[in-house]
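Subject: Predicted model for your files

Dear colleague,

I am passing on the structure we spoke about. Please look through it first; my notes follow below.

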Amino acid sequence: RFGESTTKNETTKDDTTRYIYSNGDFERSGARWSVRGGIDYSITPRDVISVGANLGSRSFGGDNTQLYQQWTNPATISQKYTSYEESERGGDYITTNLDYTHNFAKKGHTLASQFIFERSNSNDEALSNLWDELGNISSGQKAIEKGPETEYRFKLDYTLPLFEKSKIEAGYQARLETEEAENNMSQYNTTTGAYDFQPLFSHDIEYNTNIHSLYSTYSGEAGKLGYQAGLRGEYTYRFIELLGEDKEFELNRWDFYPTLHLSYALPAEQQLMTSYTRRVSRTRGFYLEPFLTWEDAYNVRQGNPNLKPEYIDSYELSYQKKFKNGNVFSADLYYRITNNKIERIRSVYEPNVFLNSVDNVGKDYSFGTELMFGIDPTRWWHIDLMGNLYDYRQEGVILGEKFDKNSFNWNARFNNTFKLGRWTRVQLNGMYNSPTVTAQGSAEGFMMTSLAVKQDFLKGKLSLTVQMRDLLRTAGHEMESEGPGFYTYRKFRPDWPYISATISIKLNNYRPDRKRSQQNGGMDDMDMGGEF
């Protein structure tokens, strides 16, 4: 990835406004490899054991060069600087799984268990230096973060058919995670020219998260009516400790997630559906870091160990129509509420320096409709047209001040899949996201077009996939944010499409589990979604 970035910052204190303007280029690149394999063994006609493993490594890095100009009002002499940043991150990982399935005599009556072990190591390094007009380093810092992460997962699922068209499903799942991180920071000494270790900004930390879930659903049909009701109870225990500093942070809570789905079959391949679901969106690991980290000369970062997960209540009403030629039309009306909304928060740390953190700021609300039309103009061409229009609102408290933001948002996607013979697939996609409000400002809209080509060889055992995202270089981001004593404008513009190539070799008819692949950093061969 190659691109250009522009930033304008203003901070005000004691009747003096300080301005910093920067413009420069960035480059990002990376590579990964993985090997997956599995064995299924039928102990008896009703009992199957599966063993699998996924081994891989990934590395990413980049550099960023910015030209800075800073001044104040009341006016002072303008100063110019050049910053250079480079970073490398990566590590290896291994995942193993052991699955067991027992099929009872009655069709659909099953007991399935799964045990997963994951182990990964990370090593992240970052360097940031600021040069004055004479070519001397005026400030700089090195940061190193490394450590292992271990996760155990166990799942037990039971399915019991009750009547001809109804069944009950129940299960238990446990996720036990431990992560250790060693964070070291050094600052540039302008006298000696060396980078001196900074114990005040260096910490050893340990994260422990245990999640235990019990769940059950009952589903069935009564004539044209289909129904499913479920409930999941979840116990979460999270413990964060700064080793050797006598600082501990604990989260200990129960949560419940009910679901209800109803469907009604109408004549001529039509269907009405309605549902209520409650879901959870968990926090990212680095969002929880309970200490300050210098990112560069003008930015520090601090996590929030008391951060709570987001809980989403979703209400939906849907209509679907299937046509004889295979085309499908659907329309959804939805209302979603996000509780404990997580937002990145920006504030003034000191003059010319920003503090970037995260917090649960309140709630957001989305009320809208989503339309989808799947079309097959020919046997070798499939089109998906999707549109989403919704009213969006955020409300809550940031840094002790109430806020209420609202915008009318929309997005659209136009996806094309071409099957050029048995072994060739081409995808050409386009998408647009409209402008939207954020908790502290707004983000402009952007468009992106993408192309992917997948070619299979040797009867599908060897595959080559080439992806080019943002063909027209329109996926730039433009954002504004403001708060007490500051204003920030940021713009990122790509200079070249993001290009990736993937080679996949299958030794037999093995089919990797899609979810497990994504959880462990795998890349789907033709993943051309709108995320960028």
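Ala268 sits in the loop between β11 (247-266) and β12 (270-281), where strands (E, at least two residues) and helices (H or I, at least four) are DSSP runs numbered from the N terminus. Although Ala268 is not a glycine, its phi is positive, at about 60 degrees.

Before the rest, some conventions. This is a predicted model, in which local features need pLDDT of at least 70 and side-chain atom pairs count only at pLDDT 80 or more, while totals for chains, interfaces and linings use all residues. Residues are numbered from 1 along each chain as its sequence is written, and side-chain values use heavy atoms, with hydrogens and water left out.

Backbone

Asp14 is in the loop between β1 (2-13) and β2. Its relative accessibility of 67% makes Asp14 exposed (over 50%; buried means under 20%, and partly exposed is in between, with a 1.4 Å probe and protein chains only). There is also a cis peptide bond between Asn73 and Pro74, with omega at about 10 degrees. Pro74 belongs to the loop between β3 (47-73) and β4 (79-103).

The chain as a whole

The secondary structure consists of one helix and 27 strands. For 532 residues, a compact globule would have a radius of gyration near 24 Å, and the chain agrees with that at 26 Å. The radius is taken over C-alpha atoms, and the globule rule is 2.2 Å times the number of residues to the power 0.38. The C-alpha trace spans about 80 × 55 × 50 Å along its principal axes.

Of the 532 residues, 38% count as buried. The accessible surface of the chain is about 29,900 Å², and carbon and sulfur atoms account for 54% of this (Shrake-Rupley method, 1.4 Å probe; for residues, only the protein chains shown count as cover). Contacts (heavy atoms within 4.5 Å) were also sorted by sequence distance: among those between residues at least 6 apart, 61% join residues at least 24 apart.

The charged side chains number 61 positive and 71 negative, and the centres of the two sets are 10 Å apart. Lys and Arg count as positive and Asp and Glu as negative, leaving out His and the chain ends; the place of a charge is NZ of Lys, CZ of Arg, CG of Asp or CD of Glu.

Aromatic pairs

The search of the whole structure gave 25 aromatic pairs. Rings of Phe, Tyr and Trp (its six-membered ring) pair if their centres lie within 6.5 Å; planes under 30 degrees apart count as stacked, over 60 as edge-to-face and the rest as tilted.

One of the pairs is Phe323 with Phe373: the ring centres are 6.4 Å apart and the planes are at 55 degrees, so the pair is tilted. Because Phe323 is in the loop between β15 (310-322) and β16 (328-350) and Phe373 is in strand β17 (residues 353-378), the pair ties together parts that are 50 residues apart in sequence. Phe323 is partly exposed, at 37% relative accessibility, and Phe373 is partly exposed at 29%.

Trp381 and Phe418 make a stacked pair, because their planes are at 25 degrees, with ring centres 5.6 Å apart. This pair links distant parts of the chain, with Trp381 in strand β18 (residues 381-398) and Phe418 in strand β19 (residues 401-419), 37 residues apart. Phe418 is buried, with a relative accessible area of 18%, whereas Trp381 is partly exposed at 25%. An aromatic cluster is formed by Tyr276, Tyr315, Tyr335 and Phe367.

Single positions

Ser29, in strand β2 (residues 16-44), is partly exposed at 48% relative accessible area. Leaving aside residues up to four places away in sequence, Ser29 touches Ser59, Phe60 and Gly61. Its C-alpha is separated by 8.8 Å from that of Phe2, 27 residues apart along the chain.

Asp132 is in the loop between β5 (110-131) and β6, partly exposed with a relative accessible area of 25%. With residues up to four places away in sequence not counted, Asp132 touches Lys80 and Tyr81. Asp132 and Val437 are 305 residues apart in sequence, and their C-alpha atoms are 37 Å apart.

Glu164 lies in the loop between β6 (137-163) and β7 (166-188) and is exposed, at 76% relative accessible area. Between Glu164 and Lys454 there are 43 Å from C-alpha to C-alpha, at 290 residues apart in sequence.

Regards
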